Amino acid sequence: MAGGIAVLRRQPSVIPGFGITLGVSLTWLSLIILIPLAALFLKTTELSFERFIMIVTSARTLHALELSFGLALAAAATNLVFGLIVVWVLVRYDFPGRRVFDAVIDIPFALPTAVAGIALTNLYAENGWIGGLLAPLGIKVSFTQLGIFVALVFIGLPFVVRTVQPVLQDFEGDLEEVAATLGASRWMTIRRVIFPTLVPALLTGFALAFARAVGEYGSVIFIAGNLPNVSEIAPLLIIIRLEEFRYADATAIAAVMLVASFILLLIVNLLQRWSERRAGKR
Amino acid sequence: MKRILYGLVLSAVFGACAHAADVALLNVSYDPTRELHAALSKAFSSQYKTPDGKSVEIKSSHGGSGKQARSVIDGLAADIVTLALAYDVDAIADRGLLSQDWQKRLPENSAPYTSTIVFLVRKGNPKGIKDWADLAKPGVKVITPNPKTSGGARWNYLAAWGYALKQPGGTPDKAKAFVKSIYANVPVLDTGARGSTVTFVERNVGDVLITWENEAFLSIKEFGRDKFDIVVPSVSILAEPSVAVVDKVVDKKGTRAAATAYLNFIYSKQGQEISAENFYRPRDPEVARKYEAQFPKVSLFTIDEVFGGWRKTQETHFADGGVFDSIYQN
Amino acid sequence: MSFNPVIQPQEAADLLPAGLAPALPARQSRRDVRADPLWLRWVLTGIALSFLTVFIVVPLVNVFSQAFVKGFTAYVGAIRHPDALAAIRLTIIAAFVAVLLNVVFGTITAWAITKYKFRGKSILISLVDLPFSVSPVISGLVCVLLFGAHGCFGPWLQENDVKIVFAVPGIILATVFVTFPFVARELIPLMREQGTQDEEAAISLGASGLRTFFRVTLPNIKWALLYGVLLTNARAMGEFGAVSVVSGHIRGETNTMPLHIEILYNEYQFMAAFAVASLLALLALVTLVAKAVLEKRIARAAR
């Protein structure tokens, strides 16, 4: 550890304790994150490459991955659209109960996933409050892919809203007025002046919602049909493989999901840096 | 808020200590037995006291029988195992956790109750399921659990196989083809019998559920006669769920007396009555006579007479690379 | 080219295309220019509120409604069931340990990142963020791979008779894994904004490092810290996926509240499942209220 610290050059600081705090942080991070993840990838390497490919490209695995990523994408996109509307309404307009609705947005963030899971399943079942309304229309939500989609929209909403909200709040009204005085129509103002400012935050929120939805388990497991090749999400497949004691399979699928998540995290970080730079320019 | 948190934690710790006076046993059981063991352990705890006057609390864990056996082997500290079939207990014995002669230690080869395999169908039996042959028909969706993890699933498989063998001109090859066509109709393999029940009953998947007799009756009791019907096939297998004390664990914890007492309790008149009330066929002749009307008459064969016992069967059919693996790509 | 952006309200209204002239009288403040047409406001507000109501409010209300569907006595009975109480106990213990560990180590990490300058800082920050993008099931899987019977430490654990997987320590570990970033993430932006002047001043006045932390830094970050505690607690108590993998599902022993909810639900005991769920939902609401209060304090501290 001492060697590692020496490599991290720093300007001498007045504040003491650099060595020990960095040491403790690195140790803790290693224990909690690096070592476990290393164990995962190590276990994956125990598999031969062919076996790894075989597991990951088996019909059932592929379908589960497609489902998890595909529905997560759809849900994040939905949250992008509706999240933007919600943010616009909350920041720009005033109406009775606005504070309450502002607080409501954090509920999916604070509510345990299992609670959300049973609540949504019950709600959209054929005899549920909403499911009962949709059943005569022939729309089945619980135990179908649509149900998974609903659950993923639920848990992803706060990410878009809370990421865009500060940007919109800080947005300087002067620019809008300038545009208006220059003769821009309202729509043009929105499109050319306001929207570009929001784009980095929107994309960040989208990526966060997407990343969260891909790995989601608790809220989906109750409402999904869990039928292989139809409505089985990737995290569930990992658990099933574990219960069958097929550790190698579970690890392989997890490794694929993990790599995808890392890439997403990288994209989010890059987006955040891009948006910081843009904000810095102003 | 922090103060409240401290207070809760302290009371939690004290609460935990207060229970330390009781003896706690862990019963690792198979999937559908939640209600059975809840009733049995309640009755047992209210009557039994250890020689030094302590009361006994029985905690239980439920899941697919094969999976539970693996968990015990992997370190789940069970005092008692009450599993779906003898082989799963043998697997634990093979690892040295309990003695190899476990089956002789209790009456009836350590199987205090029996059951069999029947079909649960939607009310009115819209697909007209009457016997095993109907399960192989195209367009029929069959729900059965995964034989790799579930005990009931293996009994289901063997019952179907046995049926095919008993048909005129039945050969092992024909039986294999028959069982394969049934599994072609299976949309999802849950890890345990209860999981399959949930899929069939709650998620409304499938036309017919192959399940334990006790599970079928329980579903009707829970959900009403107006939702499901039971169809009894022409022939089925005699399923003998096995129970045993896990020597290594009870000797270390010093709970052998209590654990053995619980298993003996299942064989007692009261235990047999509770079993029958939960739709398990009791061994005790008197209790069996009393509950005779409740259980349908089925022509039953045993695993020994048709398959040569569990060890051989597990090796041939359910081990990695066995017959099941060649039938069903999971 | 420059122009004077300060335009009198009357002029502003004149410059607007006729169709989008605000419905409000022109003598109002320049805010009019930013106002959307009334019909648009109604439509958007309607969409936003309906969306929020349908997707968020209704499910939450449903939890409480289903919990009390059989009346208050049945509700209390479900909560006071020994298995439910044991689950509540275990949840509290796991959350407490997770909060404690993450407060201590999260603060240290945030301090190391924000009070010094060194290369490789962004890697460290990415590491802190990592658990956010990892599925909880994978966190649980990793626990099993490390401490399960066939895991890296499995044989050693079995020899020394230490039980982690299928026992309470495994649940606590899994909970700590998934809640790791919350405290650090809350502290880092704030501590960055606050800078190092206060601490440097204290040090130059002769205070030791530890004293500086407790007397100078801690009061500055106390609201953000509390906020981090709140989030960690909420997440820890509600964790499901990771814990589901490592738990033995032993009722009354290794079941947390979310796992207990799952068991009740799968045993068709819907009312009881919702009763336990309503406790967690209540916790979520309390968390939100506390969050709103704390956010104001944090905003003040950042200035």
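A: Start with contact, which means heavy atoms within 4.5 Å. By that rule, Tyr157(B) touches Val179(B), Tyr183(B), His317(B), Phe318(B), Val323(B), Phe324(B) and Ile327(B), leaving out residues up to four places away in sequence. Bear in mind that this is a predicted model: local features need pLDDT of at least 70, side-chain atom pairs count only at pLDDT 80 or more, and totals for chains, interfaces and linings use all residues. Residues are numbered from 1 along each chain as its sequence is written, chains are lettered from A and ligands numbered from 1 in the order in which they are written, and side-chain values use heavy atoms, with hydrogens and water left out.

Q: Which residues have the most contacts inside the largest nonpolar core?
A: In soluble globular proteins, nonpolar side chains tend to be buried together. A nonpolar core is a set of buried Ala, Val, Leu, Ile, Met, Phe, Trp, Tyr and Cys residues joined through side-chain atoms within 4.5 Å. Buried is under 20% relative accessible area, exposed is over 50%, and partly exposed lies in between (1.4 Å probe, protein chains only). Here the largest core holds 280 residues, and Val81(B), Trp132(B), Trp155(B) and Tyr157(B) have the most contacts inside it. Helix H4 (residues 82–114) of chain C gives the most to this core, with 14 residues. Another core lies apart from it, with 12 residues, including Phe200(B) and Ile220(B).

Q: Why is strand E2 of chain B largely enclosed?
A: Six of the seven residues of E2(B) (residues 56–62) are buried, so the rest of the structure largely encloses this strand.

Q: How does E2(B) pair with strand E1 of chain B?
A: Two strands pair if DSSP finds at least two bridges between them. E1(B) (residues 23–29) and E2(B) pair in the parallel sense over seven bridges. Ala24(B) has Glu57(B) as its bridge partner in E2(B).

Q: How many residues of helix H9 of chain B are buried?
A: Eight of the nine residues in H9(B) (residues 193–201) are buried, leaving the helix mostly covered. Among them are Arg194(B), Thr197(B) and Phe200(B).

How values were computed:
Helix = DSSP H or I, 4+ residues; strand = E, 2+ residues; numbered from the N terminus.
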